[in-house]
Structure formats: structure tokens, C-alpha cells
Amino acid sequence: MDKMPGWADAVLVPLISLVLAAILSALVIIGIGEDPIAAFQLMVEGALMRSSGWGYTLYYATNFIFTGLAVSVAFHARLFNIGGEGQAMIGGLGVALACLYIPWPNWYVALIGATASAALFGAMWAFIPAYLQAKRGSHIVITTIMFNFIAAAVLNYVLVNILRPQGAMDPATARFPEATHLPTFQEMFSTAETAMFRGSPANVTFFLAVLMCLVVWVLIWRTKLGYEIRAFGASESAAKYAGISPVKITVVAMLISGGLAGMMAINTTMGEAERLIMNATEGAGFIGIAVALMGRSHPLGVLLAALLFGFLYQGGAELALWTNIPRELIVVIQALVILFTGALDNMVRMPLEKLFLARRRSS
Amino acid sequence: MDFATLLQVLDSTIRLATPLLLACLAGLFSERAGIFDIGLEGKMLAAAFMSAAVAAITGDVWMGLLAGIAASMALSIIHGLASITFRGNQLISGVAINFLAAGMTVLIAQDWFSQGGRTPSLIGNGRFEPITLPGADALVGFPVLGPIYAELISGHSILVYVGFAMVPITWWLLYRTRFGLRLRAVGEAPEAVDTAGISVVGLRYVAVGICGILCGIAGAYLATALQAGFVKDMTAGRGFIALAALIFAKWRPWYALYACLLFGLLQAVALRYQNIDLGAFTVPVQFMDALPYILTVVILAGFVGKAIPPRAGGEPYVKER
């Protein structure tokens, strides 16, 4: 018998956690001598009241959808993929190689090719930790952390020594050819009279991200593979008894996870910078953890949580611009969300469960 | 490479290995008691900031050290609450602690000092000064052994000696005391400890507390001895290298010393030489940076001796009813 109705588990618990994180964040803002309500208004204004603000919010959200889905798919197999950051870095390498060395005729063919390349590179980077977990029992959390650092070193080496154009100082590749330019929201939605999303980096990749939410939903809840992944995550021994190969599911789930994380690089590398730079991921791989936890590993939840974090990111940038609150406030909020929705989940859940049980007994 | 250069590299190895060693032993206490801790990085960072901030304000480095330990302990208590009391996921809690420290240190630093997330440079009594061991000046002329004693062994700050002394102390605590036996047991078979009438929760909190103290010293060393002040993200992945060293050492104190010295040496060499020319090919500096992580993955993969973590690690303990 369930202790709580389904809606409470899916909506109420994350909502209470979010409120707790918000209250603590407000206390932090008061602690550094600023007004939390004014700060929130400024964030809303900068992120949601102008179309260019939305352009940034959706751009950040695109990153977080990909990394959030990546962490979610692994969570369903009860694997904690902390390596989204490294997989996205290597995915960026895949994007750069595809864009620089293949003469694409136009952007949508280039998008398909670069997406495949990014996913392939990201999946490749997840393969070794997955294989070691499945075959040798090495803890996947530790190996993926190590692979984040190794990815940074690999990317640093490749950018400094191989892909950097001659004479250039900063570690970055040459600009991608014009044919690989992805349409931005500004180009797509502006009319002759009014410019929309002016100067903001949101681009067509956002729709790819939304499409991937749908794909992941179908994969997890409507396919045999998805069923096997969930069964394996729920109980390894039961899954084994049902003839599901733990090695196969571990590796496949991590490949999908790594591929999704790698695809994030399309947005930052091909959509925004149009060249591969050193710090293209900007920690989005880690924010994916918060997004997946808040979204309860469901694609719809991930989409909503990614939008929330996109808003926080853009709003945080506005705060840093206009007030004395540094951008790191967002890192604190992110930490609090991870803490309350992930680690301290039971702190919210236990009293709620007692409450629901007491209500059921009395009725 | 001549003798003087070798001495300098080894001297730098000891300096760079100390924070790794302290954090590694911190992780050892926690993980041996069955609490995984990937928040070593965050605790060190918080301690580095608080120690530098308080040392800058009071001008007394010992106050700084205490404040650093307090900051690290506060995060340890959060980790304990999440992973022991509320039986949450210890890994997720560690991730949260790392971000909390990364964000809060800059936020508070900006509020207190308005220097873009750093503390003022520490001077005079605000820093741990090098200690010259007795006889170092007299013996320096003695061939080979003289310089080794004067340069390599003498002339470090007190925290370096604390770090190295912690190795035998940890070994003795873990393997020669009743407390150590219970601590190791609680990480392997908590139900057995519980059956013996010893509090699993209490023991684990003590372990997490020791971890907090040691991480605090490690962070304070970074900001008040190795460098003079706090800068944003100054731990730079050291907490994760310490974690790697802990696995490399297979959760044993003496091996932890060797692993930290090895990783410290790698850092010292990477600092001193950018790319190493071996004639036929050059070893890029990025490879040196990545080597601790690569070695850890190889060890984890079990190709060179298998690293087996404490059996109950990562599992919250639920009393049977």
C-alpha cells in the first residue's frame, strides 16, 4: 500500500523542497544585505519581461534539458551519471570536428550530422565508465568524476596543440563555416517591423531539445528497452531473474545518457559560439543533476525544471549586472535545490507520509 | 637534473601533497565508517575561505584555523544529517555540498571584502610561517644529508608536520584502538555493530566529524600557508585528487601517504616543467594533469590490484524491527 497518493509524490514533495530552497536563498540574500523581493523582481524583469530575456532563458534551458535528460535516463537504471560535464565537453569536440571538416550544404543537414557526431562522442566518453561498472564493478560515480577531469585535459590538449588556428592566441578552434550557422530565434521570429529576441543566443536547438524530451518519454515508458531499464533500476536481482542482462542495460543506459549530454554541445558550440572554446559547458553538466532531481526524472518534469533553471541563470546574470549580488548566488540556489530535492528528500517526505497516514486513519 | 633542482621539486612535492594528504585521511575516516564523501572539495574550499577571512580580519592565523575547521564542520553536519539521519543519497549530498561551498564562499567574500570574491592578502601573523627545525642551519654544509634535512625536512609550516603526523596517528587509531575497530566494523557490517549494542548513528557522526576537522585543516593550509589568502575556487579539484588518492590507497593510511606523495609529485613536476621532452616525444602538461585521474580509473578497473571499498559504504543503515 502506498503511503502517499501519487500526486503528492510527484508534485507536492518537489514543490515543498523548492519552497524550502527558495526561503533559504532569500535568507542568504538578506544575509548579504540585499532585498530578496527586489532581487526577485529584477530577475523576473530581466529574464521574462523582454523577448531578449526569454531568448537567454530558453538558451540556458536548452542546455539544461539535454543534461537533465542525460542524468534522468541514467537514474532510471539507478546509475548516477555525474560525468555529464565531461561528456558534453567531448560532445563539443564531435560538433567541432563535424562542422570544420565536413562540407555541409546547408544548416539542417549540418544539424543532423553534427547532432549525430555530438551524441556519438558523448556516448563514447560514457562507454568506458559504463563498461567498467558493468564488467569490473568500478563505482560509476567515481569513474565519471575522473572522466570529467580527463575530458578537460583532453580538450585542453586538442585545442591548444591541434585545433587552434595558426597564430591564434586563445585555445579555441577556427570559426565554423557559414553553412553550419543555425537559425537563431531572432532570425526565425522577427518581422520587418519588430525585432524579437534581439541579440539573444536562443536558436533552433531548443526545438531539438523539446523533441528529445518526447523521444526519451517514448523510450522510457513505451519501449521494451525502457521497460528493461526501469526494471533494472527498480531491482537488479529481479531484472536478472527476468532474463535482463545487467551488463547490457548498464552500458546501453549510459550510452544514451552520454549521448544526450553530448548533444548539449550543439546548442553552445554550433548554436552560440560557432567555434569550440575551452569552457563551453559552463557547468551545465552538473546543473543537469539538479534538473533531473527536481523533475523527478520525468521528461516533462525535466522540461519544467530546465526552464526554471534557465530563468535563474538569466535572472542571476541580470542581478550580477545591476546589484552587488554575484552570479554565484545561482550556484548556491542550485546547491540548495540538489540538497532538498535529492539528499534531504526524506526530511520532507517522512512528515508528509505521517500526515497522509494520519488522515487516512481518521477518515 | 642536478641535486639542487631535485631537492626543489621534492620540497614542492611535500608542500603540494600536504592538503591532499589531510583531505585523503579525512575521506578515509568517513568512508571507513560507511559514509561516502565526494564533498571533500567543498569542505576544503569553505575552510580555505573562512580561515583566510578570519585571519585577515583578526590578524591571527590560529583564529583563522579554528574558523576554517568550524566552516568545514558545518558542512560535515549537513552531510551527516542528509546521509545518516535522513538516510538520503550520500553522493547527491556530496555534490550539493560542493556547490554550496563554491557559491557561498564567493558570495560572502564579495559581501565582506568587495574584492571580486577574494580575501585580502595575508601578512605577518595572518599566515603560517615556515618553521626551521633545530640544527638545520648548522647542518646545511654537510654533504647530501645536510641539504636534505635543511631544505626538504625543515622549513615547512606547522600544518605540514601535522599532516604527516596524522598518518601514524590514523593508523594507530584505526588498527590499534577499540574505537578504530568499531569504526571499521561500522563500514563493513553495521548490523553487527548494532547487535553489539554500539550506536551506528553515533559512530558514523563521529567519523563524519573527524572528516570535517581534517578537511578544515587541509583548507586552512591552502589559504594560510601554501598561499596568502583565498581566491575563488582555489581548491581546483584537490578534493577530487584526494578522493582518487584514497581509492588508489585502497582506504589504508600508509598507502594514502604514498599515493598523496605520488600525486603531489605529479603536481610539482607539472608546475615546474610545462611539457616534458623525452627526446623521441614530448609529454604534454595536460597529460600530467590528467594522470592522477587516469591512474585511479586503472586501479578502479582492477587491472592492477583491485580496490574494494568498505562493504556498507554508501548505504544508509536501517535498524531491523
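A residue is counted as buried if 20 or more other C-beta atoms lie within 10 Å of its own, and as exposed if 12 or fewer do. The model under discussion is predicted.

**Covered helices**

By that criterion helix H3 of chain A is mostly covered, with 24 of its 26 residues buried. H3(A) comprises residues 51–76. From its first C-alpha to its last it reaches 36 Å, close to the 38 Å expected at 1.5 Å a residue. Arg78(A), with a positive phi near 50 degrees, follows H3(A).

In chain B, helix H11 is largely enclosed by the rest of the structure, because eleven of its eleven residues are buried. The buried residues of H11(B) include Arg238(B), Gly239(B), Phe240(B) and Phe248(B). Their cover is drawn from both chains: it includes helix H6 (140–163) of chain A as well as H1, H2, H12 and H13 of chain B.

**The contact between the chains**

Between the two chains, 37 residues of chain B are in contact with 36 residues of chain A. On the side of chain B that touches chain A, helices H4 (90–113), H11 (238–248) and H13 (285–301) each supply at least two residues. H4(B) provides the largest share, 14 residues.

**Helices packed against H4(B)**

H4(B) meets a helix of its own chain, H2(B), and a helix of the other chain, H14(A). The geometry of both pairs is tabulated below.

| Helix pair | Axes come within | Crossing angle | Handedness |
|---|---|---|---|
| H2(B) and H4(B) | 7 Å | roughly 15 degrees | left-handed |
| H14(A) and H4(B) | 8 Å | roughly 155 degrees | left-handed |

The axes of H2(B), residues 40–58, and H4(B) cross at roughly 15 degrees, which makes H2(B) roughly parallel to H4(B). Residues of H2(B) in this contact include Leu45(B), Ala46(B), Phe49(B) and Ala53(B), while those of H4(B) include Leu100(B), Ala101(B), Thr105(B) and Trp112(B). By class, the contact of H2(B) with H4(B) has ten nonpolar, three polar and two charged residues.

The axes of H14(A), residues 328–343, and H4(B) cross at roughly 155 degrees, and H14(A) is therefore roughly antiparallel to H4(B). Among the contributors from H14(A) are Val331(A), Val332(A), Ile338(A) and Leu339(A); among those from H4(B) are Val95(B), Phe99(B), Met104(B) and Leu107(B). The contact of H14(A) with H4(B) is made up of 16 nonpolar, four polar and one charged residues.

**Positive phi values**

Most residues other than glycine have a negative phi. Ser297(A) sits in the loop between helix H12 (284–294) and helix H13 (299–322) of chain A. Because it has 22 C-beta neighbours inside 10 Å, Ser297(A) counts as buried.

Ala236(B) also carries a positive phi, near 50 degrees. The place of Ala236(B) is the loop between helix H10 (200–226) and H11 of chain B. With 12 C-beta neighbours inside 10 Å, Ala236(B) counts as exposed. Just after H11(B), Lys250(B) takes a positive phi of about 55 degrees.

Conventions: Residues are numbered from 1 along each chain as its sequence is written. Chains are lettered from A and ligands numbered from 1 in the order in which they are written. This is a predicted model: local features need pLDDT of at least 70, side-chain atom pairs count only at pLDDT 80 or more; totals for chains, interfaces and linings use all residues. Two residues are in contact if their C-beta atoms, placed from the backbone, lie within 7 Å. Helices (H or I, at least four residues) and strands (E, at least two) are DSSP runs, numbered from the N terminus. The expected span of a helix is 1.5 Å times one less than its number of residues. Axes are lines fitted to C-alpha atoms, for helices over the stretch in contact, and angles run from 0 to 180 degrees between N-to-C directions. Angles under 35 degrees count as roughly parallel, over 145 as roughly antiparallel, 65 to 115 as roughly perpendicular and the rest as oblique. A crossing is left-handed if the near helix is turned anticlockwise from the far one by less than a right angle, and right-handed if clockwise. Ala, Val, Leu, Ile, Met, Phe, Trp, Tyr, Cys and Pro count as nonpolar, Asp, Glu, Lys and Arg as charged, and the others, Gly among them, as polar.
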